[in-house]
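Could you walk me through this structure, one selection at a time? I have it open in my viewer and would like to know where to click next and what is there.

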Amino acid sequence: MEATEVSIAVIVREGMILAANRGDSVSNSGQWEFPGGKPMKGESPEDCVVRRVKEELSVDISIIDKMDAYNVETSQNKTFRIYPFFAEVGDGKFVLSLHSKAEWFSPMQLMSLAWPETDLPVIDEIVNRIFVKGRLV
C-alpha cells in the first residue's frame, strides 16, 4: 500500500508548542493535532507545511529544524509518511479555518491531549529531545 504523504509543523514559541483542535466539520473532530497537510503535486514537504499552515491558521512560519520522516499504519489500515518540522511563527493573529481552537502547551502537557495516531511519534520525539538533549531545537 502506498503511503499518503503529510507535512506537519511543530510550532514553538518560548518553550511552548502550538496544538490545534480539529473542528466539527473534519474527520477526527475534537482531537488535537499539529497543523499541516498533504502536498500538491511536485511540492516539497517544506513548501507544503509552510503553505498548509498559512491556509489553516493565516500565519507565516519559518522552518527552524526537522525531524526524521516516519511511516505510520493506522488502525484503519491506512499508511502515512509523515514529515515533521519545527517552526517559528512571526507576529500575527491566528485565524482558524479548519480548527475550533489553537492553544500553546508545554511539551509535557501534550501527552495529556487526545491525538490522532499519526502524530503520536512526534509527541514521543518531543519528549525524547527534552530529556536527552535538554531542549526542543
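## Salt bridges, strands and a patch

The structure holds eight salt bridges. Keep in mind as you click around that this is a predicted model.

**Stop 1: Glu-33 and Arg-22.** Select these two residues and show their side chains. They form a salt bridge whose closest N and O atoms are 2.8 Å apart. Glu-33 belongs to strand β3 (residues 32-33) and Arg-22 to strand β2 (residues 16-22), so the pair ties together parts that are 11 residues apart in sequence. Are these two residues buried or exposed? Glu-33 is buried, with a relative accessible area of 11%, and Arg-22 is buried as well, at 15%.

**Stop 2: Arg-51 and Glu-43.** Move on to this pair, where the side chains meet in a salt bridge of 2.9 Å, N to O. Arg-51 has a relative accessible area of 18%, under the 20% cut-off, so it is buried. Glu-43 counts as buried too, at 17% relative accessibility.

**Stop 3: Glu-56.** Glu-56 is part of helix α1 (residues 45-57). With 2% relative accessibility, Glu-56 counts as buried. What does the side chain of Glu-56 reach at 3.5 Å? It reaches the backbone nitrogen of Gly-36. If you set aside neighbours within four places in sequence, Glu-56 is in contact with Pro-35, Gly-36, Val-95, Leu-96, Ser-97, Leu-98 and His-99.

**Stop 4: Ser-29 and His-99.** Draw a C-alpha to C-alpha distance from His-99 to Ser-29: the two are 70 residues apart in sequence and 8.7 Å apart in space. Ser-29 sits in the loop between β2 and β3, and it is partly exposed, with a relative accessible area of 39%.

**Stop 5: Arg-129 and Asp-65.** Here is another salt bridge, with the side chains meeting at 3.1 Å, N to O. The pair links distant parts of the chain, 64 residues apart: Arg-129 is in helix α3 (residues 120-133) and Asp-65 in strand β5 (residues 61-66). Arg-129 counts as buried at 6%, whereas Asp-65 is partly exposed at 26%.

**Stop 6: strand β7.** Select residues 79-89, which make up strand β7. How many of its 11 residues are buried? Nine are, and the strand is mostly covered. Look at its pairings in turn:

- β5 and β7 pair in the antiparallel sense over five bridges, with Lys-66 partnered by Phe-85 in β7.
- Strand β6 (residues 70-73) runs antiparallel to β7, joined by four bridges, and Val-72 has Phe-80 as its bridge partner in β7.
- Strand β1 (residues 4-13) pairs with β7 in the parallel sense over eight bridges. Ile-8 stands opposite Pro-84, and Ala-9 stands opposite Phe-85.

**Stop 7: strand β1.** Seven of its 10 residues are buried, so β1 is largely enclosed by the rest of the structure. β1 and β2 form a hairpin with two residues between them, and Glu-14 in the turn has a positive phi of about 50°.

**Stop 8: a nonpolar patch.** Finish with a surface view and select Met-108, Met-111, Phe-131 and Val-132. These residues make a nonpolar surface patch of about 450 Å². Met-108 is found in helix α2 (residues 107-110) and is partly exposed, with a relative accessible area of 36%.

Methods:
Residues are numbered from 1 along each chain as its sequence is written. This is a predicted model: local features need pLDDT of at least 70, side-chain atom pairs count only at pLDDT 80 or more; totals for chains, interfaces and linings use all residues. Side-chain values use heavy atoms; hydrogens and water are left out. Patches are made of residues with over 30% relative accessible area and no salt bridge: like charges are joined within 9 Å, nonpolar side chains (Val, Leu, Ile, Met, Phe, Trp, Tyr) within 5 Å. Accessible areas come from the Shrake-Rupley method with a 1.4 Å probe; for residues, only the protein chains shown count as cover. A salt bridge is a side-chain nitrogen of Lys or Arg within 4 Å of a carboxyl oxygen of Asp or Glu. Buried means under 20% relative accessible area, exposed over 50%, partly exposed in between (1.4 Å probe, protein chains only). A polar contact is a pair of N or O atoms within 3.5 Å; within protein, one must be able to donate a hydrogen and the other to accept it, and residues adjacent in sequence count only if both atoms are side-chain atoms. Contact means heavy atoms within 4.5 Å. Two strands pair if DSSP finds at least two bridges between them.
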